[in-house]
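Today I'm looking up what sits around the two ligands.

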2 protein chains.
Amino acid sequence: GKKYKRITISKLIQEYISLTGFENPSKALYTSVKELVDNSLDACEEARVLPEIFIRILEVDPDKRIFNILVWDNGSGVPAFNVPFAFGSMLYGSKYTTKQTRGVFGIGIKNVILYGQMTAHYPTTVISSSDGRNIYYFELLMEVSENKPHIISCKRYVANFAWRGTLVSVFIKGNYRNARHRILEYLKNTAIANPHAHIVFIDPHGVVYEFKRGISEVPEPPKETVYHPHGVDLEQLKEIILHSRSKDMISFLMDNFQRIGRKRAIEILRKAGIPESLNPKKLTISQRKALLDAFRHVRFERPQSGHLSPIGDHILYEGIRKELLPEFIAVSARKPSSYRGHAFIVECALAYGGEIKPKDSFKIIRYANKVPLLHSLSEDVSKKVVDEIKWSRYGVPMQAPIVIVTHVCSDKLPYRTLCKEYIADIPEIHQEIKLALLECARKLKLYLSKKKRRASFLKR
Amino acid sequence: GKKYKRITISKLIQEYISLTGFENPSKALYTSVKELVDNSLDACEEARVLPEIFIRILEVDPDKRIFNILVWDNGSGVPAFNVPFAFGSMLYGSKYTTKQTRGVFGIGIKNVILYGQMTAHYPTTVISSSDGRNIYYFELLMEVSENKPHIISCKRYVANFAWRGTLVSVFIKGNYRNARHRILEYLKNTAIANPHAHIVFIDPHGVVYEFKRGISEVPEPPKETVYHPHGVDLEQLKEIILHSRSKDMISFLMDNFQRIGRKRAIEILRKAGIPESLNPKKLTISQRKALLDAFRHVRFERPQSGHLSPIGDHILYEGIRKELLPEFIAVSARKPSSYRGHAFIVECALAYGGEIKPKDSFKIIRYANKVPLLHSLSEDVSKKVVDEIKWSRYGVPMQAPIVIVTHVCSDKLPYRTLCKEYIADIPEIHQEIKLALLECARKLKLYLSKKKRRASFLKR
Ligand SMILES: Nc1ncnc2c1ncn2[C@@H]1O[C@H](COP(=O)(O)OP(=O)(O)OP(=O)(O)O)[C@@H](O)[C@H]1O
Ligand SMILES: Nc1ncnc2c1ncn2[C@@H]1O[C@H](COP(=O)(O)OP(=O)(O)OP(=O)(O)O)[C@@H](O)[C@H]1O
Ligand SMILES: [Mg+2]
Ligand SMILES: [Mg+2]
């Protein structure tokens, strides 16, 4: 007969490790570095500090190709009470908020630890201080079939110096020779988008790669926001009602949603046929449907975007200039737009000529929430846009020395995979990237025609 | 401070519905039909019956674009005890086995129900009989934040006729106008790969599409198999040990793994330095590592493949012929191969000329475990292979009227997304598809040159 059973998310991911980006040892090494560094950058952003991130990869067993990856940061740290689940239980984390963060799923570091246990089975070490005084040392394993942490040891030290931050050490089967290029590209692109970060990477051969700090101010961090009425479905509304402390519908609407003032709240409730004094916890299913209907029929300003944290056109310009040394750069930072009630900002750039190599012709450097995307290019919305644009009309022929840079940031991005490798081809996002790139293309066209005229002028 | 919390998989998927293929109402309607029909075909395969599948889509609310999707099959049915969790709790199902099945994750139908609750919030109806006598009627909702079913009603009827099977009725927000083409393509391609199935589809306009049975024998169904030694990692070994009833290592190896006879079991244990009489439940971590090491250093025959269920070259040929009416078809069914200890079979075909339209030039029809793949083409391994082949060398120019068909089946396919939209570009699979397509291309080249000679002969 059929065997019905329940499994945990960690068990499923272990069976289908291709879901999380660990399909071979080379990609596994890259993905591990990415997940660790993304977490460190989120933590430093949370702590509002200039990031100091140290990464070391060591080959501990050449026969079995086991590597140790150690990442240390000066971020917010993880409170001792939360360490076991944060590092040992999938679908546990601190980023389930309506805020722009690099991590969002609550599984990233656990994916690394799981792969490590499948291929190497050394415990994971976490050393962290979240109060700058007590330092906790944990040795952990994941109990995969139960999705629970297993604490091997836990010690507390009192520091006589103020240190806050986190150190994570994992062992995985990897392939540095094939992963090296991608790891360096990820770190380099991360440095471009986060120039206030100081990153040091020591590789298995002892080579030191240092990405010095380019600016010394911490950028304005992302903030949490409330839902826009157009970003709410019936299940989310149920959740908002559950956590709301409002005693009547007017304050419920004004406190829990963007762009709703008193006047608009009254209008919405009238449209929905809901009494103003009703306690939101008493809303029936049909009243909730009526409320969402009213949301759909009332005009709202587009979602607020002050809570987002784009790269910034000066920073993007400077980062590209230092890295690619082109003869020309055009940057376009679009006004905020929105998709399903969530605000997003697109920033794009074109770099042309100079030191750009022929083999990098039409290379696309992508970012999502300031994180470099290095895989699954062909399904990504940026690639779809680049392929649609008639570049020749802008004086850019095939094989021109042009590099395209795209960044999309939002408090909710439409990721298609559990390793966030690419962004879905959503019409609103597609349109914004296209307008940004066309804007850059027009600037490039102007530059190229001026250059041509100057050249023909000089000829005479 | 930071808010650490745990969430359920259903809550995560509700927040990131782009993970499961429901990013817009049109794709949602398509994906819903796919998930329901895939489940029906799996159920009919389980019951070893000639599938009778009835699909009806009705528009129940034109303003809000709410559709009802009803799918009825004569498959194995779902035991009453299992219905609530099978239809109301993610990561619950009967397909967590080492067997080739269309469904594998235990979330498919729940993704449909979740999207329905987000956009329409009508209960789901399930009517099922698994013993041909008692018919159970359920009305269910999903409790999304807890990943639990909520049973609204449950009734039992005794049938005075023998009926076994399942009927599922869901309500979702959809867009039939934009989904129609894809739904029909999915059903048509499903009929090609499953010609023993009788499928009737009634659409919202009352149009009836019938896919008559092409053959009257039930194909050899897929079977469950045990792990090949090369398909086992440390976590899987832990699980195998946990469920094993063997009292010594020799029987443990022979009973739980493919390709291990008594002689080989002795050799493996000697290499690993493990006593033959040891109870497997007493294996230490280092002994388990030594066992996997020994597995890696012993030569094994490649995994058995008799448990797989390919389409069959005659069936593929006939299905393509009826559907595309080409002037020439080449089919290549490769011998079984393996990837990470799991056997897989590749079948490919090329159709040329005849009724193939110019706009379908180089169209790729893909299947995975007999299920048509209609999205994310550009990241799929088949597309990567097709783009690598120098078709002109085989007499096939750009814009030639050629359609390419690929099928990969296995008891474990490397899916990259939770909606199984494409197969990862794994070297072993890539290679097999390439060899199969080149084989077909050579046959096509032969045909085209013969055709050319005949034409020039006739000219004189
Ligand atoms: N270096 C770190 N500093 C501070 N907190 C960390 C660090 N690494 C992990 N954490 C904490 O552990 C939690 C789990 O991390 P994990 O990477 O699994 O998930 P996530 O980052 O929330 O989301 P994602 O799965 O998208 O990466 C985080 O939410 C964060 O609270
Ligand atoms: N029409 C049906 N007939 C018989 N059993 C069914 C039917 N539909 C669903 N089931 C049962 O419900 C379970 C859950 O279905 P669901 O689609 O969620 O997961 P799955 O098919 O196992 O995997 P996947 O997520 O890949 O689709 C199945 O494993 C199966 O046992
Ligand atoms: Mg993370
Ligand atoms: Mg299913």
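Before anything else, a term I need: helices (H or I, at least four residues) and strands (E, at least two) are DSSP runs, numbered from the N terminus. I'm working with a predicted model, where local features need pLDDT of at least 70, side-chain atom pairs count only at pLDDT 80 or more, and totals for chains, interfaces and linings use all residues. Residues are numbered from 1 along each chain as its sequence is written, chains are lettered from A and ligands numbered from 1 in the order in which they are written, and side-chain values use heavy atoms, with hydrogens and water left out.

**Entry 1: ligand 2**

I started with the shell, and α2(B) gives the most to it, with four residues. Chain B elements that each supply at least two shell residues are α2 (25-47), α3 (83-88), β4 (92-93) and α4 (108-119).

I then listed the neighbours (a residue is near if one of its heavy atoms lies within 4 Å of the molecule). There are 26 around ligand 2, and the nearest are B:Ser94, B:Val104, B:Ile107, B:Gly108 and B:Lys420. Chains A and B both contribute residues here, so the site is shared between them.

By class, I got ten nonpolar, ten polar and six charged residues. For this, Ala, Val, Leu, Ile, Met, Phe, Trp, Tyr, Cys and Pro count as nonpolar, Asp, Glu, Lys and Arg as charged, and the others, Gly among them, as polar.

Next came polar contacts (here, pairs of N or O atoms within 3.5 Å). The side chain of B:Ser94 puts a polar atom 2.6 Å from a ligand 2 oxygen. From the side chain of B:Lys95, an N or O atom is 2.8 Å from an oxygen of ligand 2. B:Gly108 uses its backbone instead, with an N or O atom 2.7 Å from a ligand oxygen. On its own ligand 2 exposes 590 Å², and the protein buries 98% of that (Shrake-Rupley method, 1.4 Å probe).

**Entry 2: ligand 1**

Which residues come nearest to ligand 1? Of the 25 around it, I noted A:Ser94, A:Lys95, A:Val104, A:Gly108 and A:Lys420. Residues from both chains, A and B, surround ligand 1, so this site is shared too.

I found side-chain N or O atoms facing ligand 1 oxygens at 2.9 Å for A:Asn39, 2.8 Å for A:Lys95 and 2.7 Å for A:Lys420.

For the shell, α2(A) brings the largest share, four residues. I sorted the shell into ten nonpolar, nine polar and six charged residues.

Notes
A polar contact is a pair of N or O atoms within 3.5 Å; within protein, one must be able to donate a hydrogen and the other to accept it, and residues adjacent in sequence count only if both atoms are side-chain atoms.
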